Amino acid sequence: MKKTIIIALMAILPFGAFAQKFGHINSNDIIPLMAEYKSAQTELEELQKQYMEELDYMQKEYQKKEDDYIANRETLPESIRTRREQELGEGQQKITKYYQDCQINLENKSNELMGNISSKVLKAIQAVGEEGQYVCIFNIADGVIPFVSSTLTIDVTEAVKAKLGIK
């Protein structure tokens with residue numbers, strides 16, 4: 001009797017696996033269409049523009065000091081010449097540090113904004129997965145999964161777009 005039940009279960013289980021639904025999306029087709037993404041890009045461009053304007057100002061001020069030093073260095077006493085050279089060196093270091101800080105700030109801001117967008121997309125994917133009773137939804141944009149059969153999985157990109165209010 002136990003053998004019959006076990007054999008029956010083993011025969012039925014594989015058929016249940018075929019009834020399971022798997023989906024796939026390409027987040028690269030979704031994220032650029034989101035209003036949040038466009039807003040994030042604008043915000044990052046504005047921040048970068050502000051940083052570049054300040055950097056340009058710093059470089060022009062430095063260039064003025066350097067030009068003045070070069071024009072007058074032969075007539076300056078040794079102590080003043082040494083102090084100005086030191087100031088120029090410090091000015092160059094200040095510009096370099098500011099540039100590096102700007103790059104770090106831009107990267108952090110980008111990660112923050114894109115993290116919020118990714119989180120919103122993930123929630124939409126999860127909602128589509130639960131509503132559609134999918135076992136798994138693969139994101140083919142990540143490149144983590146080397147192959148997803150488009151004939152054995154269902155493309156749910158449009159459903160996720162709809163969930164996000166994207167047309």
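**Entry 1: the second largest pocket**

I looked up which element gives the largest share of the lining of the second largest pocket, and H3 supplies it, with 4 residues. I worked on a predicted model throughout. This pocket has a volume of about 160 Å³. Besides H3, strand S2 (134–139) also supplies at least two residues of its lining. Reading through the lining residues, I noted Ile25, Ser27 and Ile31, then Ser118, Val121, Leu122 and Ile125, and finally Ile137, Phe138, Asn139 and Asp142. I sorted this lining by residue type and got 7 nonpolar, 3 polar and 1 charged.

**Entry 2: the largest pocket**

Next I turned to the largest pocket, which holds about 240 Å³ of space. Which helix gives the most to its lining? Here H3 does, with 6 residues. Helix H2 (35–72) joins in, as H2 and H3 each supply at least two residues of this lining. Among the lining residues I found Tyr57, Met58, Glu61, Tyr62 and Lys65, along with Glu87, Leu88, Glu90, Gly91, Lys94 and Ile95. My tally by type for the largest pocket was 5 nonpolar, 1 polar and 5 charged.

**Entry 3: helix H3 itself**

H3 kept turning up, and I checked its extent. Helix H3 covers residues 78–132, which is 55 residues. From its first C-alpha to its last I read 80 Å, close to the 81 Å expected at 1.5 Å a residue. Then I looked at what comes just after H3: glutamine 133 takes a positive phi of about 55°.

**Entry 4: how H2 and H3 sit together**

I reminded myself that two packed helices are described by the angle between their axes and the distance between the axes. For H2 and H3, the axes come within 10 Å and cross at roughly 180°. An angle over 145 degrees counts as roughly antiparallel, so H2 and H3 are roughly antiparallel to each other. I also sorted the residues of the contact of H2 with H3, and they divide into 19 nonpolar, 6 polar and 12 charged.

**Entry 5: salt bridges**

Side chains of opposite charge can pair when their charged atoms come close. How many salt bridges does a search of the whole structure find? The search gave me 12. I picked one to look at: lysine 60 forms a salt bridge with aspartate 56, and their closest N and O atoms are 3.2 Å apart. Where do lysine 60 and aspartate 56 lie? I found both in helix H2, 4 residues apart, about one turn of the helix.

Technical notes. Residues numbered from 1 in each chain as written. Predicted model: local features only at pLDDT ≥ 70, side-chain atom pairs only at ≥ 80, totals over all residues. Heavy atoms only, no water. Expected span 1.5 Å × (residues − 1). 1 Å grid on protein atoms, 1.4 Å probe; cavity = no way out; pocket = protein on both sides within 12 Å on 5 of 7 lines; lining within 4 Å. Points joined across faces, edges and corners; volume = space filled by probe spheres on them. Nonpolar A, V, L, I, M, F, W, Y, C, P; charged D, E, K, R; others polar. Axes fitted to C-alpha atoms, helices over the stretch in contact; angles between N-to-C directions. Parallel < 35°, antiparallel > 145°, perpendicular 65-115°, else oblique. Salt bridge = Lys/Arg side-chain N within 4 Å of Asp/Glu carboxyl O.
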